[in-house]
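Reader: Please take me through the side-chain contacts and backbone features of this structure, one question at a time.

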Amino acid sequence: MKKAKKTLPARLAAAAFWLALWQWAAMAVGQEVFLVSPLRALATLARLLPTADFWGRVAFSSGRILLGFGLGCVCSAALAVAARLSRPVELLLDPVMQLVKATPVASFVILALVWVRGRELSILISFLMALPVLYSAVRTGIASADPALLEMARVFRIPAGRRLRAIWLPAVLPAFREGCRTALGLCWKSGVAAEVIGLPDGSIGDALYRAKITLSTGELFAWTFVIICLSAAFERVFLALLDRAVRQVCGAPPEQEGTP
């Protein structure tokens, strides 16, 4: 807590520096169609906030991106466990995960438009972006389980439920938590990018595209700021809920190395 209080002024000073630099750059450019000032972007955001269209777009995109992330969590955990239990499954899954991880988002979006409607596109893309990250995280956590504890559990025939709670979850959850931090950011970036290409009505991506073609740079910056805030807010809320669930199940929170 004391460390956070000490770093807060430094962070505020850094934010003020970049805002001042942004303001100076906007004044130097002198044309809002190329670069708006921070005040102009905030004024545009304040104009958008009270409208039903704004909140409808936020709900539309948030629901689909988070659904894709949730599906990625469930499927990645199931596939990682299957890979742990079966060597053939592991050999079959590894190249697929590498392929998904290496393929550009734009390629996935264009291919996916052949299979799904634009309204469901962000669900599929968010799922695909989360899947390899979380699969790798769960695999890492499984591999970090203490062999001595596993051997002791086998020798004393400890029930599977107690093994899961005492050995597997404490090993997997720290890596899974860090994987979720990365995957959530990827889901938001890729999900909105999919909406910009698929243009589903009532989405944030559609609003970004409309701002671009109408040269409404203020709206472009405002919506970008909204996406950043939504990504950060959902990350904090999800990780807080995950930590609470861990305390309920394991009696202690997962390791939080590198958590700001």
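This is a predicted model: local features need pLDDT of at least 70, side-chain atom pairs count only at pLDDT 80 or more; totals for chains, interfaces and linings use all residues.

Reader: Which helix holds W24, and which residues form a nonpolar patch with W24 on the surface?

Author: W24 is found in helix α1, residues 2–29. The nonpolar patch on the surface has about 510 Å² of accessible area in total. The residues that form this patch with W24 are F17, W18 and L21.

Reader: Where in the chain do W188 and F234 lie, and how many residues apart are they?

Author: W188 belongs to helix α8 (residues 160–198), and F234 belongs to helix α10 (residues 217–250).

Reader: Is W188 buried or exposed, and which class applies to F234?

Author: W188 has a relative accessible area of 1%, and buried means under 20%, so W188 is buried. F234 has 27% relative accessibility, which lies between the limits for buried and exposed. The class of F234 is therefore partly exposed.

Reader: Which residues do ring pairs link into a cluster, and which residue lies over the face of F60?

Author: Ring pairs link F54, W55 and W223 into a cluster. Over the face of F60, at 3.8 Å from the ring centre, lies R64.

Reader: How many salt bridges does a search of the whole structure find, and why does the one between E219 and R47 tie together separate parts of the sequence?

Author: The search of the whole structure finds 14 salt bridges. E219 forms one of them with R47, with the closest N and O atoms 3.5 Å apart. Because E219 lies in helix α10 and R47 in helix α2 (residues 38–48), the pair ties together parts whose separation in sequence is 172 residues.

Reader: What accessibility class applies to E219 and to R47?

Author: E219 has 23% relative accessibility, and R47 has a relative accessible area of 48%.

Reader: Which class of accessibility applies to R139, and is E90 buried or exposed?

Author: R139, at 22% relative accessibility, counts as partly exposed. For E90 the value is 14%, and buried means under 20%, so E90 is buried.

Reader: Where do E178 and R181 lie, and which residues do salt bridges that share partners join into one network?

Author: E178 and R181 both lie in helix α8, three residues apart, about one turn of the helix. The closest N and O atoms of their salt bridge are 3.5 Å apart. Salt bridges that share partners join these two residues into one network, whose members are R177, E178, R181, E235 and D243.

Reader: Which backbone nitrogen does a side-chain oxygen of D146 reach, and which one does the side chain of S37 reach?

Author: At the start of helix α7 (residues 147–155), the side-chain oxygen of D146 comes to within 2.9 Å of the backbone nitrogen of A148. S37 is placed in the loop between α1 and α2 and counts as buried at 15% relative accessibility. At 3.1 Å, the side chain of S37 reaches the backbone nitrogen of R40.

Reader: What is the phi of R157, and what is the phi of L199?

Author: R157 is in the loop between α7 and α8, and L199 is in the loop between α8 and α9. R157 is not a glycine, yet its phi is positive, at about 50°. L199 is likewise a residue other than glycine with a positive phi, near 55°.

Note on methods. Residues are numbered from 1 along each chain as its sequence is written. Side-chain values use heavy atoms; hydrogens and water are left out. Patches are made of residues with over 30% relative accessible area and no salt bridge: like charges are joined within 9 Å, nonpolar side chains (Val, Leu, Ile, Met, Phe, Trp, Tyr) within 5 Å. Accessible areas come from the Shrake-Rupley method with a 1.4 Å probe; for residues, only the protein chains shown count as cover. A salt bridge is a side-chain nitrogen of Lys or Arg within 4 Å of a carboxyl oxygen of Asp or Glu. Helices (H or I, at least four residues) and strands (E, at least two) are DSSP runs, numbered from the N terminus. Buried means under 20% relative accessible area, exposed over 50%, partly exposed in between (1.4 Å probe, protein chains only). Rings of Phe, Tyr and Trp (its six-membered ring) pair if their centres lie within 6.5 Å; planes under 30 degrees apart count as stacked, over 60 as edge-to-face and the rest as tilted. A charge sits over a ring if NZ of Lys or CZ of Arg is within 6 Å of the ring centre and within 35 degrees of the ring normal. A polar contact is a pair of N or O atoms within 3.5 Å; within protein, one must be able to donate a hydrogen and the other to accept it, and residues adjacent in sequence count only if both atoms are side-chain atoms.
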